[in-house]
Amino acid sequence: MTDEFDVVIVGAGVAGLQMLHKVRELGLTVRVFEAGGDAGGTWYWNRYPGARCDVESLEYSYQFSEELQQEWEWTERFATQPEILSYIDHVVERFDLRRDIRFDTRIAALTYDEPAARWTARTEAGDEVVARFVIMATGCLSAANVPEIAGLETFAGEIYHTGRWPHGPVELSGKRVGVIGTGSSGVQSIPVIAEEAEELYVFQRTAAYTLPAGNQPLDAELQAAVKADYAGFRARNSAMPSAGLARFPPNPASVFLVSDREREAAFEYRWQRGGPVLLGAFNDIMVDKAANDLAADFVRRKIRQIVKDPDVAALLSPKQLIGCKRICLDTGYYETFNRPNVHLVDVASAPIQQITPGGIRTSAGDHELDVIVFATGFDAMTGPLLRIDIRGRGGLPLKEKWSAGPRTYLGLGVPGFPNLFTMTGPGSPSVLTNMMVSIHQHVTWIGGCLKYLADNDISAVEATTEATDAWVLHVNEVADRTLFPSCNSWYLGANIPGKTRVFMPLFGFPAYAQTCAEVAANAYEGFTLTRSGMAPAQAT
Ligand code: FAD
Ligand code: NAP
C-alpha cells in the first residue's frame with residue numbers, strides 16, 4: 001500500500017527542517033525526503049576547506065524558538081561550516097526532527113492527480129508516496145555545476161567539486177592542485193588550499209570582487225546584548241532590503257554629494273570594518289554606473305596595494321561592475337597570490353581546452369596536476385527544481401512551463417501546479433538576502449496558508465496566471481531599476497550554457513514580505529482556492 005501524508009517536503013536543509021517543525025505544529029502528517037545522508041543541505045554538502053558563512057552568526061540562525069536562540073552560543077563573527085552543521089544537528093535533535101526524514105532518498109518525479117487533488121512523489125529507487133501538498137525545500141544552490149570539459153573522465157588524479165566535498169579527510173599536502181573558479185567557493189577555499197598544497201594553480205575566467213570578511217572571535221558582550229533583545233534584533237534586520245546588517249545600515253546619501261576625501265574615508269572605514277558593507281557606503285552604488293565605478297576603483301586600488309606582482313594584480317582586478325555578481329568575502333585571498341607556490345592562470349585569454357590524464361590543457365599550454373577542484377558553482381534557483389520531473393495539471397511538465405524562464409507568483413506558487421509551494425523560489429528575495437530570514441518568512445507564510453485551507457475546507461490552492469504574469473513583470477521592473485541584470489551572473493542563469501536568461505530573485509525584502517502578508521490577509525488574493533468536492537471557490 002502506498003503511504004499517504006498531508007504534506008511531503010523535499011529537502012532537509014535549513015528550510016526543510018523549519019518547514020517540518022511548522023507542519024507538525026499544525027497537526028498535519030508529513031514526510032521529508034533528502035538526497036543527502038543527513039540534514040543540513042548547503043552545510044552538509046559544502047565541506048571544502050575554508051567554507052564558512054558570510055552572514056554574521058547572530059543573524060544566520062533560526063528565530064522560530066526563543067529558547068533555541070538563547071541557548072546556542074556562536075563562537076565566531078562568521079561561523080565555519082562545521083559550526084553551522086553542529087548547530088543544525090542540535091536543532092534536529094532538540095526538535096526531534098530526524099524521525100520524519102528519509103535520508104539518502106532523492107525524489108525523481110512529482111505528479112499531480114487532478115481528480116484526487118493529490119501529488120505522487122516517486123523516489124529514484126522507485127518508491128512512491130502520496131500527499132495533498134508538496135513543499136519544495138530543494139534549495140537555490142544545491143544543484144552542483146560541473147562544466148562539460150573534454151577529457152574530464154581521462155584525468156588520472158582526484159577530482160572534487162566544492163559543493164560535493166567528501167566527508168573524510170582530503171590529503172592535499174605534497175600535491176599539485178588546480179582550482180577552477182574564483183567565485184565565493186574558490187575565494188574561500190584558495191587561501192586554505194594554498195597553505196597545504198605543494199603547488200596551487202588557480203584557473204580564473206572572471207576575476208571576482210572580494211572584500212575582507214574581518215572574521216574574529218565573537219564578542220561576548222555583543223552576543224549577550226543581542227540575546228537580551230533578540231526579537232528586536234530580528235525585527236530591525238527584517239526591515240532592511242537584504243534582511244540583515246541593521247547594525248551597519250546602508251548610507252542613504254549619494255556618493256556625488258561628498259568630497260573625494262570623504263568618499264575615500266567612507267570606503268576605507270567600511271573596508272576595515274569587514275563584511276559586505278562597502279556596497280552600502282552610498283545609496284547609488286547598485287543603481288548608478290558612475291557611482292559603482294568609484295567603489296570598484298577603490299577595490300582595484302586595494303588589490304594593487306596587496307598583490308606584489310603588478311601583472312598578477314592586474315589579472316585579479318575585476319572589470320565588471322562591483323556587486324553585480326554576488327560579492328565575495330575572504331580571509332587573505334589577495335595576499336595568497338604573493339605566495340611562491342600559488343600561480344594564477346588566466347583562462348579568459350587562454351581558455352581551458354581539455355582535461356588530460358596529467359592535468360589541464362589551456363590554449364597557452366599544459367599544467368600538470370594531481371588534484372582538480374571544481375569551484376564552478378551551481379545551476380542556481382531553477383536547477384534543483386528542474387532536475388525533478390515535476391508534472392502539474394494535465395501532465396504539464398514544469399520544464400515546459402518554464403521553458404522561457406521561471407514564472408512564479410511571489411516565488412511561492414506556479415499556475416498549473418496546485419498545492420505545490422516553492423520555498424525561496426525564483427521571484428522571491430531569497431539569494432539577495434540573509435536566507436535564514438527569507439526562509440523564516442516563507443515557512444510562516446506557507447504554514448499560515450495551510451492553516452487557512454484547513455480551516456476553510458479548501459482542498460486546492462493554485463496561483464493564477466494573471467497574478468503570476470503581473471508578478472514576473474514586477475520582479476523584472478525592480479531588477480531593471482538596479483545594475484544587477486548588467487553582468488553575466490548566476491542570478492541571471494548566465495553561468496549555465498543554454499539556460500534562459502532571466503533575473504530570478506526579487507530585490508528588496510521588506511516590500512516583498514509586506515505584499516505576502518497582504519495577499520494572506522486578503523484571502524490569498526491571486527490564488528484560486530478550490531473547496532473540497534467543488535469547483536474553484538475563488539478566482540482572483
Ligand atoms: P539547501 O541547504 O540547499 O538544502 C536543500 C536540500 O534539498 C539539499 O540537502 C538537497 O540535497 C536536497 N534536495 C534537492 N533536490 C532533492 C531531491 N530531488 N530529492 C531529495 N532531496 C533533494 N546564504 C546566506 O544567507 N548566507 C551565507 O553566508 C551563505 N553561504 C553559503 C555558502 C555556500 C557554500 C553555499 C553553497 C550557499 C550559501 N548560502 C548562504 C545559501 C544557502 O544555500 C542558504 O543560506 C541556505 O542554506 C539554504 O537552505 P535550503 O534549505 O533552502 O537549501
Ligand atoms: P560561482 O559564484 O558561480 O563561481 C563559479 C566560478 O567558476 C566562477 O569564477 C566561474 O567563472 C567559474 N567557472 C565556471 N565554469 C567555468 C569553466 N568552464 N571554466 C572556467 N571557469 C569556470 O559559484 P560559487 O563560488 O560556488 O558560489 C555560488 C554562490 O554560493 C555564491 O554566489 C554564494 O551565493 C554562495 N556561496 C556563499 C559562500 C559564502 O561566502 N558564505 C561561499 C560559497 C558559495 P565565470 O564567472 O567566468 O563564469
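**Exercise 1.** Work out why helix α1 counts as largely enclosed by the rest of the structure.

*Solution.* Start with the term: a residue is buried under 20% relative accessible area, exposed over 50% and partly exposed in between, using a 1.4 Å probe and protein chains only. Next, count: 10 of the 12 residues of α1 are buried, so the helix is largely enclosed. They are V14, A15, G16, L17, Q18, M19, L20, H21, V23 and R24. Finally, look at the cover, where contact means heavy atoms within 4.5 Å: it includes β1 (3–10), β6 (128–136) and α14 (435–455).

A note on the source: this is a predicted model, where local features need pLDDT of at least 70 and side-chain atom pairs pLDDT 80 or more, while totals for chains, interfaces and linings use all residues. Residues are numbered from 1 along each chain as written, chains are lettered from A and ligands numbered from 1 in written order, and side-chain values use heavy atoms, without hydrogens or water.

**Exercise 2.** Find which residues make polar contacts with ligand 2.

*Solution.* Here a polar contact is a pair of N or O atoms within 3.5 Å. Take T206: a polar side-chain atom sits 2.5 Å from a ligand 2 oxygen. For Q188, a polar side-chain atom is 3.0 Å from an oxygen of ligand 2. With T182 it's a polar backbone atom, 2.9 Å from a ligand 2 oxygen.

**Exercise 3.** Say which helix gives the largest share of the shell around ligand 2.

*Solution.* Helices are DSSP runs (H or I, at least four residues), numbered from the N terminus. Helix α5 (residues 184–196) gives the largest share, three residues.

Methods. A polar contact is a pair of N or O atoms within 3.5 Å; within protein, one must be able to donate a hydrogen and the other to accept it, and residues adjacent in sequence count only if both atoms are side-chain atoms. Helices (H or I, at least four residues) and strands (E, at least two) are DSSP runs, numbered from the N terminus.
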